[in-house]
Amino acid sequence: MPAAAPYSLSAVIFDFDGVILDSATMKTDVFVELYGQTGGPFEAAIRETIWRNGGLTRTGMVAVLDRAILGREATPERIADMAGRYAGIVDKAIYDCPLIDGARELLDALRGTPCHLVSGTPHHVLLGIVAAKGLDGVFATLTGAPDDGTPNDKSAIFAGIVAANALDAARTLVVGDSMTELVGARHIGAPFAGVVAPGIDDPFPPGTATVHDLHGLAALIGIEGTANL
Ligand SMILES: [Mg+2]
C-alpha cells in the first residue's frame, strides 16, 4: 500500500470518547463518584475495571463494575438507577469537555475521506454533543448506543458500515482508545490505531500502533503511511 495517506484510506471509523472528545477521564471520575468511595484500593479497582472494559455502554459498564467491584449481578432496576444517575451528571458535563488535541485539524485534513463515528454513548446524547462541538456534517454516519440502554456491538456496527458503504476494510482505519475498538477492527480485517492519552496505561497488545492525540495520528497516517498499522 502506498504511504501517501490520508488520501489512500477508503474511510476512517472513529470512536468518540477519548478519541475525538477528551471526555474519558471525566466519565471515569463520575463512575468513581457514583460508587461512593474515593482513594485507596477501591478507587483503583474501579479505574482498573473501566480501563480494561473501555468502550462499553453506561448500562454495560454498571453491570461489569457491580460484578467486578461488588461481586454481585446487578438487577435491571439497579442498572437503570445507576445509569440514570450517571446520565444526570455526564450528559451535562460532557459539553465542557474539549476536543482531543488535533481532532479538528485531522478531520479537516480528512475531508474527502468518509469518516464514521461509532460510540457507546446513547445516540441522542451523541448527536447533541457532536452538534455542540461544531462537528455537524463532518461524519458520514453517526452511530450511538440505542437510547433504551441495549448494548451495542461495535464489531457488528463496523461490519455494517463496511458493507453498507462497500468499503475496502483493509483500507478502512479504525481509531479507538479501548480494546473494544481493536477487537472490532480485527473482526472486519481493518488496520487500527490506538489513542493512549499521556499518563494512561496503554491497554493494547504489544505491536499495536498508538498515538497520544490526533496530531500524532495525522503524523502517523500522513507521514508513515498506513502499511504499518
Ligand atoms: Mg472511547
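The crossing of helices α1 and α2 is right-handed in this structure, which is a predicted model. The two helices pack at an angle of about 135°, and their axes are 10 Å apart. Angles of 65 to 115 degrees count as roughly perpendicular and those over 145 as roughly antiparallel; α1 and α2 are therefore oblique to each other.

Which residues of α1 and α2 meet? From α1 they are T28, D29, F31 and V32, and from α2 they are E43, I46, R47 and I50. Sorted by class, this contact has four nonpolar residues, one polar residue and three charged residues.

The crossing of α2 and α3 is right-handed. On the α2 side, the contact is made by F42, A45, I46, T49 and I50; on the α3 side, M61, V64, L65, A68, I69 and L70 take part. How do the residues of this contact divide by class? There are 10 nonpolar residues, one polar residue and no charged residues. Please note I46 and I50 of α2, which meet α1 and also belong to the contact with α3.

Helix α7 covers residues 154-164 and helix α8 covers residues 179-188. Their axes come within 8 Å and cross at roughly 45°, and the two helices are therefore oblique to each other. This crossing, too, is right-handed. In α7, the residues involved are K154, S155, F158, A159 and V162. They meet T180, E181, V183, G184, A185, H187 and I188 in α8. By class, the contact comprises six nonpolar, four polar and two charged residues.

Which elements each supply at least two residues of the lining? They are α1 (24-34), α2 (40-52), α3 (58-70) and the strand β2 (115-122). Helix α1 gives the largest share, five residues. As for class, the lining divides into 16 nonpolar, 13 polar and 12 charged residues.

Key:
Residues numbered from 1 in each chain as written. Predicted model: local features only at pLDDT ≥ 70, side-chain atom pairs only at ≥ 80, totals over all residues. Heavy atoms only, no water. Axes fitted to C-alpha atoms, helices over the stretch in contact; angles between N-to-C directions. Helix = DSSP H or I, 4+ residues; strand = E, 2+ residues; numbered from the N terminus. Parallel < 35°, antiparallel > 145°, perpendicular 65-115°, else oblique. Left-handed = near helix turned anticlockwise from the far one by under 90°. Contact = heavy atoms within 4.5 Å. Nonpolar A, V, L, I, M, F, W, Y, C, P; charged D, E, K, R; others polar.
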